[in-house]
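Trainee: Please take me through this model feature by feature. I would like the general idea before each case.

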Amino acid sequence: MSQSQQCAIALGSNLGDSSAILEAAIVMLAKTPGIKVTSQSSWYQTAPVGPPQPDYLNGCVIIDVQLTPQDLLQTTLSIEKQFGRERRERWGPRTLDLDILLFDNLIIDTPTLQIPHPRMSERAFVLVPLAEIAPDWLEPISGCAIAQLVQRVDCSGVHPV
């Protein structure tokens with residue numbers, strides 16, 4: 001797969017020095033062969049979903065990627081692990097969360113990978129930063145632009161840092 005494809009990745013952290021962790025994760029993505037970071041959103045402080053825990057720092061990046069979706073997933077999981085990510089409880093606190101939101105206009109539904117991300121259209125903490133850098137990107141299942149999707153969610157818990 002030599003042709004580069006555009007991909008959107010959400011980043012989140014609420015344990016440790018979240019801003020340093022997120023910046024370092026972007027550097028690691030950028031240093032990965034076959035990945036070029038082309039844009040980055042602002043950081044947002046967001047209320048957590050799930051069990052009681054600290055607020056999150058969230059943002060998104062757009063990358064040009066020459067990897068398969070599966071290889072990109074392995075890369076993001078490996079970077080999460082390098083920052084001490086442990087998957088203990090669903091929606092629990094984490095040092096680093098990297099989610100593949102969109103991969104060009106592909107729709108993938110396998111046991112290990114779902115693209116577009118299955119809950120991105122309901123999540124202001126994903127849509128607000130994504131709309132900042134990719135407002136016209138069409139989410140392939142709904143056919144709606146990110147700028148349209150963000151208008152449908154409650155964004156009151158998402159604050160620019």
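This is a predicted model: local features need pLDDT of at least 70, side-chain atom pairs count only at pLDDT 80 or more; totals for chains, interfaces and linings use all residues.

Trainee: Which residues of α1 are buried?

Mentor: An α-helix has 3.6 residues a turn, so residues three or four places apart point the same way. Helices here are DSSP runs (H or I, at least four residues), as are strands (E, at least two), numbered from the N terminus. Buried means under 20% relative accessible area, exposed over 50%, and partly exposed in between (1.4 Å probe, protein chains only). In α1 the buried residues are S18, I21, L22, A25, I26 and L29. Seen down the helix axis, they fall within an arc of 135° (taken from the directions from the axis to the C-beta atoms), so they line one face of α1. Their cover includes β1, β2 (35-40), β4 and α2, where contact means heavy atoms within 4.5 Å. A24 also lies in α1, but at 28% relative accessibility A24 counts as partly exposed.

Trainee: What is the span of α1 from its first C-alpha to its last?

Mentor: The expected span is 1.5 Å times one less than the number of residues. With 14 residues, α1 reaches 20 Å, close to the 20 Å expected.

Trainee: How many residues of helix α3 are buried?

Mentor: Nine of the 10 residues of α3 (residues 124-133) are buried, so this helix is largely enclosed by the rest of the structure. Among them are F125, V128, L130 and I133.

Trainee: Which members of the largest nonpolar core touch the most other members?

Mentor: In soluble globular proteins, nonpolar side chains tend to be buried together. A nonpolar core is a set of buried Ala, Val, Leu, Ile, Met, Phe, Trp, Tyr and Cys residues joined through side-chain atoms within 4.5 Å. The largest has 26 residues, of which C7, I9, L11, I63, V65, L72 and L96 touch the most other members. Two or more residues come from each of β1 (5-13), α1 (18-31), β4 (56-65), α2 (69-82) and β5 (97-103). α1 gives the most, with five residues. A second, separate core of 24 residues includes A8, L130, A134 and I146.

Trainee: In what sense do β1 and β5 pair?

Mentor: Two strands pair if DSSP finds at least two bridges between them. β1 and β5 pair in the antiparallel sense over six bridges, and L11 stands opposite L98 in β5. Seven of the seven residues of β5 are buried.

Trainee: How many disulfides does the search find?

Mentor: A disulfide is a covalent bond between the sulfur atoms of two cysteines. The criterion here is a pair of cysteine sulfur atoms within 2.5 Å. The search of the whole structure finds zero. For C60, the nearest cysteine sulfur is that of C7, 11 Å away. The sulfur of C155 is 12 Å from the closest cysteine sulfur, in C60, too far for a bond.

Trainee: Which peptide bond is cis, and which residue has a positive phi although it is not a glycine?

Mentor: Most residues other than glycine have a negative phi, and most peptide bonds are trans. The bond from I115 to P116 is cis, with omega near -5°. P116 is in the loop between β7 (114-115) and α3. D104 has a positive phi of about 50° and lies in the loop between β5 and β6 (108-109).

How values were computed:
Residues are numbered from 1 along each chain as its sequence is written. Side-chain values use heavy atoms; hydrogens and water are left out.
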